[in-house]
Amino acid sequence: MTALAPEPITRTADLAAELRALLKPATVLRRDEPLAKRTTLRVGGPAEIYVEPADESELATVLRFCRDHEVPFFLLGRGSNLLIRNGGIRGVVIHLGAPAFSDIKVEGEQLRCGAGTRLKDIALTAKRHGLGGLEFLEGIPGNLGGALHMNAGAMNAWTFEAVETLRFMDYTGVAHDRPARDVPTTYRSCPLLKSAVALGAVLKGCSTPREQIEAKLAECQKKRWTSQPKEPSAGCIFKNTKTVPAGKLVDELGLKGTRVGDAVVSGVHGNFIINVGKATARDVLALIEIIRTTAREQRGIQLEIEVEIVGED
Ligand code: EPU
């Protein structure tokens, strides 16, 4: 891993100390925190300042601090759709990993879930309570905050199809609850959450016989295990195009198995780049460029990147 490029150490130390002094002891704050292990692709440099707020009021304090000191911040979910460059992330990296953000409360046919909840846990809790309609979440390897942020999807279903109410915090630290019908979304995007932090959501299930839910869950699992690679990856690299799924296109272009360093185009699914050892962000980015150039030159298709790319080179 490459260390952050020189930034006056005293500035980082001063900022970290000043922020620490504003926070409760239950809030985690660390400097130069390695992030590769916090991403499913397992690449990327450290966070200059890493914070796990203990609760919403602590998160509000962090957001206000960043605003007042003009410090950039980045919300890190489960790191499943993320490519962090080797130089790491400047400013504050916020992770909603505290128990206050990972709660699931079942209320009738609704599930009130925190942004830090794993999607798999939501799907399994729904099953335990005989609630169907959320099975597709089982196959998305992230937490709810990330899935809301990018309106993640699987099995032809999208996160926001299951959302009744979105809870989010604006960058001044004020929390809001908004009915999902008032939150515009598109394929793989929720524009509102580009300038606000997802705190959680009320999801809607539907009373369903247990066997039916189990059959659907098994279908989702089977699809994933048979059509997606098991090695570390960031999920699908590109958005599907209007004319052809990106994975199919990469396959047709004969690019499966193409390798740069330890980054390889999966032989199982063309829209996945896997890390077969010590891949770096540069390897992955170089591979992405090869795929995009080939798609443009051979098929006239401009592939759009789905994975979020952040950090310093
Ligand atoms: N295909 C190929 N070769 C490949 C890959 C796919 O021919 O190497 C073909 C498949 O046979 C199928 C079509 O392309 O006919 C679509 O493939 P698939 O059913 O695997 O779905 P996808 O569109 O590639 C989407 C999501 C996945 C999600 C799956 C499962 C996007 C970009 N991807 O994949 O989401 O898990 O459906 O429902 O929308 C992600 O977002 O990170 C992700 C992996």
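A polar contact is a pair of N or O atoms within 3.5 Å, and the legends below apply this term to a predicted model.

View 1. In the side chain of K223, an N or O atom is 2.4 Å from an oxygen atom of the ligand, a distance that lies within the 3.5 Å cut-off. The side chain of H269 likewise places an N or O atom 2.9 Å from an oxygen atom of the ligand, whereas G270 takes part through its backbone, where an N or O atom lies 2.9 Å from a ligand oxygen. The ligand exposes 830 Å² when taken alone, and the protein buries 74% of that area.

View 2. In the domain assignment of the protein, domain 1 covers 9-99, domain 2 covers 102-226 and domain 3 covers 229-310.

**View 3. The contact between domain 2 and domain 3.** The centres of domain 2 and domain 3, taken over C-alpha atoms, are separated by 27 Å, and the contact takes 6 residues from domain 2 and 6 residues from domain 3. Between them the two domains bury about 510 Å², with 50% of this area on carbon and sulfur atoms. Of the area that domain 2 buries against domain 3, Y187, R188 and W225 supply 69%, which is more than any other three residues.

View 4. The side chains of R188 and E306 meet in a salt bridge, with 3.0 Å from N to O. On the side of domain 2 that touches domain 3, the residues divide into 3 nonpolar, 2 polar and 1 charged.

Definitions and conventions. Residues numbered from 1 in each chain as written. Predicted model: local features only at pLDDT ≥ 70, side-chain atom pairs only at ≥ 80, totals over all residues. Heavy atoms only, no water. Domains from an automatic or database assignment. Contact = heavy atoms within 4.5 Å. Buried area = accessible area lost by both parts, 1.4 Å probe. Salt bridge = Lys/Arg side-chain N within 4 Å of Asp/Glu carboxyl O. Nonpolar A, V, L, I, M, F, W, Y, C, P; charged D, E, K, R; others polar. Polar contact = N/O pair within 3.5 Å; in protein donor to acceptor, adjacent residues only side chain to side chain. Areas by Shrake-Rupley, 256 points an atom, 1.4 Å probe, with all protein chains shown as cover.
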